[in-house]
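Trainee: I have just opened this entry and would like a guided look. Could you take me through it?

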Amino acid sequence: MVRTAVVGGGVVGLSVGIELLDAGHAVVLIDNDDAAQAASWGNAGHVAVEQVEPLASFEAVKSMPQRLFLRGGALSFPPAAVAAWLPFGLKLLAASSPSRFRKGCAALRPLMEQAMPAWASLVERIGAPDLLKQDGHFVLWNEPRKAIAGKAAWESADTGVAQVKPAAPAELEALGKLGRFTVAGAIRFAGSGQIADLGDLRDALRVAFAARGGTIVSGTATLRRVGNGVEVDGVEADRVVVCAGVRSRTIMAALGLKVPMIAERGYHIRADAAAWPKDMPPVVFEERSMIVTRYRDSLQAASFVELGKVDAPADPRKWERLEQHVAELGLPVSGPFRRWMGCRPTLPDYLPAIGRSAKANNLYYAFGHQHLGLTLAPITGKLVAAMMAGEQPAVPLEPFDIRRFG
């Protein structure tokens, strides 16, 4: 029996671990996030199969000045983190060329096509099918001019297996009752979905992992090079899979492997969900770059793309901006809000890193999923298990090899 250590207990690490257990491995998962503060457990809960186009694009770069936090937008470059975001930004510019953008779309498309089926399979196998809601989501606008432009942009975008259609009259009426705001236009996505509750998902995945014979070790993994491979201090393992999110950069660097990843920090606020319709899918208020998600016992508003350092203090202005949005929209939720900030692991081309190290023959990796970690976790688990079994993965992995950065 192959003994495998999985480093990282987020949604990607747990998905990889479950797939490996089902493939016959003996798996030890090492997780230093006992408080469940990682991005896996604080995101928008959105299974975003429509996001086939990487955020590294000429259009995204061109729109950056209008999206800056200081101008009311969601994009933030903290001055204290310039040493982190400046070199990352230069690599992002290079990755946003038309040719690399087209390659990025071609790489993401097959992943997105299999993301929802992989989720459906996983929740069924762990005995929690009600955790996946395949109800799509809404995007709405409050200003007529922006509604026209926004709808046209989405209708012309590559959304993969997700379909876009104008919101029906009854849907527009329901959206208008969510608060005190005007719905100038809205679209409904079909094919996307959400996780019913992230806390329940974490519990279900950990229970399923343990039920299959997996062992979870609480603590920080220390990896070191030994000959042509790597070892984990205190853990007997034939193979190692690094799935530690944004912390993967430090782990790989200690092994002599450079990864140009940045902490893309997001923020959310949560409060009681009693006044929000239980059957309402996630709603994106596009002018405010904010997504509102109903979980089982809470309503969450999330936003912001803050390129910074992993351990820098949170910026309270981001939470205050979210609370301002909620108040101005008249959403039926009030404080005291529970506040959270977490780090998305983002690479300059906005593609994940999934592969096997060329410098350590027993080292595998799956990290850097940026905004798509929740969406792509189950299919990533399947791909890693196939790769480690010497099988042909269902999706070509060459575009996700970390060597693409040199």
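Mentor: The conversation below goes from the overall chain to one strand and then to some salt bridges. This is a predicted model, in which local features need pLDDT of at least 70 and side-chain atom pairs count only at pLDDT 80 or more, while totals for chains, interfaces and linings use all residues. Residues are numbered from 1 along each chain as its sequence is written, and side-chain values use heavy atoms, with hydrogens and water left out.

Trainee: How many helices and strands does the chain have?

Mentor: The chain has ten helices and 20 strands, counted as DSSP runs (helices H or I, at least four residues; strands E, at least two) and numbered from the N terminus. The radius of gyration is 21 Å, close to the 22 Å from the globule rule for 406 residues, so the chain is as compact as a globular protein of that length. That radius is taken over C-alpha atoms, and the rule is 2.2 Å times the number of residues to the power 0.38.

Trainee: What share of the residues is buried?

Mentor: Buried residues make up 55% of the 406. Buried means under 20% relative accessible area, exposed over 50%, and partly exposed in between (1.4 Å probe, protein chains only).

Trainee: Is strand 6 enclosed or open?

Mentor: Strand 6 (residues 137-141) is largely enclosed by the rest of the structure, because five of its five residues are buried. His137, Val139 and Trp141 point one way from strand 6, and Phe138 and Leu140 the other way.

Trainee: Which strands pair with it, then?

Mentor: Strand 6 pairs with strand 8 (residues 185-190) in the antiparallel sense over five bridges, and three bridges join strand 6 to strand 15 (residues 283-285) in parallel. Pairing requires at least two DSSP bridges between two strands. Leu140 has Ala186 as its bridge partner in strand 8 and stands opposite Phe285 in strand 15.

Trainee: Changing topic, how many salt bridges are there?

Mentor: A search of the whole structure finds 27 salt bridges, each a side-chain nitrogen of Lys or Arg within 4 Å of a carboxyl oxygen of Asp or Glu. One of them joins Glu264 and Arg344, with the closest N and O atoms 3.1 Å apart. Glu264 lies in strand 14 (residues 262-271) and Arg344 in strand 18 (residues 338-346), so the pair ties together parts that are 80 residues apart in sequence.

Trainee: Are those two buried or exposed?

Mentor: Glu264 is buried, at 0% relative accessibility, and Arg344 is buried too, at 16%.
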